[in-house]
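Please look through the sequence and the model shown here before reading on. The report that follows takes up a few residues and elements in turn.

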Amino acid sequence: MDLLTAIILFFAAVAGIIASSLCLRQKKALRIVCMVICILLAAALAVYIGLAAIFLDATQNKPPDL
């Protein structure tokens, strides 16, 4: 997965959290399940984006070869 796809999916997961909290007010169990799935997906994508940023920074700032 490339970085742009991860960022788009992260924002979609955050939008899913917001949409499920607003649209599923009457169905508490379904709201909780949807929010847990979106929160886990957003957390996994945040870790992926963070690690990708660290690795990209490491490749751009590597020390010169001796």
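## The start of the chain

Asp2 is partly exposed, because its relative accessible area is 45%, where partly exposed is the range between buried (under 20% relative accessible area) and exposed (over 50%), found with a 1.4 Å probe and protein chains only. Asp2 belongs to the segment before helix 1, and helices here are DSSP runs of H or I with at least four residues, numbered from the N terminus. Although Asp2 and Ile49 are 47 residues apart in sequence, their C-alpha atoms are 9.5 Å apart in space.

## Basis of the model

This is a predicted model, in which local features need pLDDT of at least 70 and side-chain atom pairs count only at pLDDT 80 or more, while totals for chains, interfaces and linings use all residues. Residues are numbered from 1 along each chain as its sequence is written, and side-chain values use heavy atoms, with hydrogens and water left out.

## Two packed helices

Helix 1, residues 3–23, packs with helix 2, residues 28–60, at an angle of about 155 degrees, and their axes are 8 Å apart; the axes are lines fitted to C-alpha atoms, for helices over the stretch in contact, and the angles run from 0 to 180 degrees between N-to-C directions. Helix 1 is therefore roughly antiparallel to helix 2, since angles over 145 degrees count as roughly antiparallel.

The contact of helix 1 with helix 2 is made by residues that divide into 19 nonpolar, 3 polar and 1 charged. In this division Ala, Val, Leu, Ile, Met, Phe, Trp, Tyr, Cys and Pro count as nonpolar, Asp, Glu, Lys and Arg as charged, and the others, Gly among them, as polar.

Phe10 lies in helix 1 and counts as partly exposed, because its relative accessibility is 24%. Not counting residues up to four places away in sequence, Phe10 touches Ala42, Leu45, Ala46 and Ile49, where contact means heavy atoms within 4.5 Å. Phe10 and Ala42 are 32 residues apart along the chain, yet their C-alpha atoms are separated by 5.4 Å.

Ser20 also has its place in helix 1, and it counts as buried because its relative accessibility is 7%. When its neighbours within four places in sequence are left aside, Ser20 is in contact with Arg31, Cys34 and Met35.

## The cysteines

A search of the whole structure finds 0 disulfides, a disulfide being a pair of cysteine sulfur atoms within 2.5 Å. The closest cysteine sulfur to that of Cys23 is in Cys34, at 10 Å, and so is too far for a bond. Cys38 is likewise in no disulfide, and the nearest cysteine sulfur, that of Cys34, is 6.5 Å away.

Cys23 is exposed, with a relative accessible area of 65%, whereas Cys38 is buried, with a relative accessible area of 16%.

## Val33 in helix 2

Val33 lies in helix 2 and is partly exposed, with a relative accessible area of 47%. From Val33 to Pro64 there are 31 residues in sequence, and the two are 50 Å apart in space, C-alpha to C-alpha.

Conventions: Angles under 35 degrees count as roughly parallel, over 145 as roughly antiparallel, 65 to 115 as roughly perpendicular and the rest as oblique.
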